[in-house]
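Please look through the sequence and the fold before reading on.

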Amino acid sequence: MRSFTSLLVALCVSASLLYAQDQAKLSPAQREVLKVRDALRETALRRDMSAWSRYVSEDCTFSTDDGTLQTKAQFIEHMGKLPPEYDRSVNPRDYVIHVYGDAAVINFRFTAHEQFTDADIISEERQTETYVKQNGSWL
C-alpha cells in the first residue's frame, strides 16, 4: 500500500509539472480562458454552485453522457441531488484552446474517478467547451 501511495504522489507531481509546461505554451488570452475552466471545475467539485454560476451564462446548454440537453438550472438541480457520499475527481490535460476574439473553444482529455458507496468508476473522456466573453468576463 505504501508503494502504491508513493507511486500515486509521483504521478500527481508529474502531471502538475506537465500542466505547468503546457501553460507556458499558451497565449495570455488562452491562459485567461483556461483559468475560467479551472475555476468551473473546482467550484463544481466542491459543489459550490453559487460560485460556479458566476462563470456560466444563464442561457448555457449542457449535454449529458446520453445526449440529453440540460439548462443551467437543470444542471444545478442535478448537482443538488447528488448524495453527500458521492465523490468525483478529474485530472484534465492535453488542452487545445482556440480563441476567436470574444469566443473560445477548449478541447481536452481527462480521467474521471467517481466513487459512490461500493462503486469505483474510472473513465477516460474527451470534452469540448465553448466560451463567450461578455462584459469583460469569459462565460
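Which residue stands opposite Q134 in β6? In this predicted model, the residue that stands opposite Q134 is S137 of β6, and the sections below describe the setting of that pair.

## Overall make-up

The chain holds 4 helices and 6 strands, and, read from the N terminus on, its elements follow the order α-α-α-β-β-α-β-β-β-β.

When contacts between residues at least 6 apart in sequence are considered, 44% of them join residues that are at least 24 apart.

## Strands β4 and β5

Strand β4, which covers residues 103-116, runs antiparallel to strand β5, which covers residues 119-134, and the two are joined by 14 bridges. Within this pairing, T111 has E124 of β5 as its bridge partner.

The hairpin of β4 and β5 has 2 residues between the strands, and in this hairpin T117 takes a positive phi near 45 degrees.

## Strands β5 and β6

Strand β5 also pairs with strand β6, made up of residues 137-138, and this pairing is in the antiparallel sense, over 2 bridges. It is here that Q134 stands opposite S137.

In the hairpin of β5 and β6 there are 2 residues between the strands, and N135 takes a positive phi near 50 degrees.

Definitions and conventions: Residues are numbered from 1 along each chain as its sequence is written. This is a predicted model: local features need pLDDT of at least 70, side-chain atom pairs count only at pLDDT 80 or more; totals for chains, interfaces and linings use all residues. Side-chain values use heavy atoms; hydrogens and water are left out. Contact means heavy atoms within 4.5 Å. Two strands pair if DSSP finds at least two bridges between them.
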